[in-house]
Amino acid sequence: MSAATGEIRKVTTHSIQSMKDRGEKIAMLTAYDFSMARIFDEAGIDILLVGDSASNVMAGHETTLPITLDQMIYHAQSVVRAVSRAMVVVDMPFGSYQSNSEVALSSAIRIMKESGAHAVKLEGGAEVEDSIRRILLAGIPVMGHLGLTPQSIYKFGTYTVRAKEEQEAQKLRDDAKLLDELGCFSLVLEKIPAKLTREVSESLSIPTIGIGAGKHADGQVLVSHDMLGITRDFNPRFLRRYAELFQVMTAATQSYISDVKSRDFPSDREQY
Ligand code: KIV
């Protein structure tokens, strides 16, 4: 908020870069719907990621692969409607950018035009260089994503820590440098050793945002349903739960059921 005008100062690619330059950590969370996005935005989150993790936490799929471009745009529209300050970044879903740069550009344009979001995110380095180039040329800010890239889960086979071996670590360093040089405005590093995150974050001019990548990233992101304790069965070492909403919501639901069954709800004051 600007003290002089009372106007809310929106988070932009420039403010994200200045945060890295002055050593202020960047806080990012995923959001998929209007009500939660409004809470996160009013609480002061810097970036809301409309993650393709919606495929898991919203739709109940096992992987991020099934979610479609139309479904991502629907989630992004809901989030954008809620936000006054945060920057909204939308994941390009599996299949919307891998085949060629023309497909990638048209998917990115649909996301920006139909949702009103501020940037897109896509997974990969040199393999998707042409797509990133083309999207950036159209004036669309791009967030990169390296390390564990869930859209390639069937190639990796597991969700374990990536880039522990030198060959994979070197590819990640090279890809990170490439994304910085291409003009991505930031880079997600997922589930890689903290030492590698430190090295990459110190060597890049753009901010890194880590998930399971240690404390040296320039910012952190968590899947909101995990950090709020709505999901139960996902307990990786990197996850800190800030609430236990599964229990809170279960207890509230049980109280409601009990009040309905016992005719306690609605009371005389709760009717017309
Ligand atoms: O889709 C998602 O939630 C993500 C984060 C894990 C970075 O890509």
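Contact here means heavy atoms within 4.5 Å. With that in hand, here are some notes to read beside the model.

1. **What you are looking at.** This is a predicted model, where local features need pLDDT of at least 70, side-chain atom pairs count only at pLDDT 80 or more, and totals for chains, interfaces and linings use all residues. Residues are numbered from 1 along each chain as its sequence is written, and side-chain values use heavy atoms, with hydrogens and water left out.

2. Leaving aside neighbours within four places in sequence, Ser78 is in contact with Tyr32, Asp33 and Phe34. You will find Ser78 in helix 4 (residues 69-82); helices (H or I, at least four residues) and strands (E, at least two) are DSSP runs, numbered from the N terminus. Is Ser78 buried or exposed? Its relative accessibility is 9%, so Ser78 counts as buried (buried means under 20% relative accessible area, exposed over 50%, partly exposed in between, with a 1.4 Å probe and protein chains only). The Ser78 side chain also reaches the backbone oxygen of Tyr74 at 3.0 Å.

3. **The two sides of helix 1.** Helix 1 spans residues 13-22, and in it Ile16, Met19 and Lys20 are buried. Looking down the axis of helix 1, the buried residues fall within an arc of 95 degrees, so they line one face of the helix; the arc is that of the directions from the helix axis to the C-beta atoms. On the face turned away from the buried side sit the exposed residues His14, Asp21 and Arg22.

4. **What helix 1 packs against.** The partners of its buried residues are strand 1 (26-30), strand 2 (47-50), strand 3 (87-91) and helix 9 (194-203). Just after helix 1 comes Gly23, with a positive phi of about 80 degrees.

5. **Backbone points to check.** Most residues other than glycine have a negative phi, and most peptide bonds are trans. Which value does phi of Ala163 take? It is near 60 degrees, a positive value. Ala163 lies in the loop between helix 7 (153-156) and helix 8 (166-182) and is buried, with a relative accessible area of 4%. Arg263 has a positive phi too, near 65 degrees, but Arg263 is exposed at 74% relative accessibility. Arg263 lies in the segment after helix 11, and Pro266 is placed in the segment after helix 11 (245-261) as well. A cis peptide bond joins Phe265 and Pro266, with omega about -5 degrees.

6. **The overall division.** The protein is divided into domain 1 (3-241) and domain 2 (246-272), with bounds from an automatic or database domain assignment. Their C-alpha centres lie 39 Å apart.

Conventions
A polar contact is a pair of N or O atoms within 3.5 Å; within protein, one must be able to donate a hydrogen and the other to accept it, and residues adjacent in sequence count only if both atoms are side-chain atoms.
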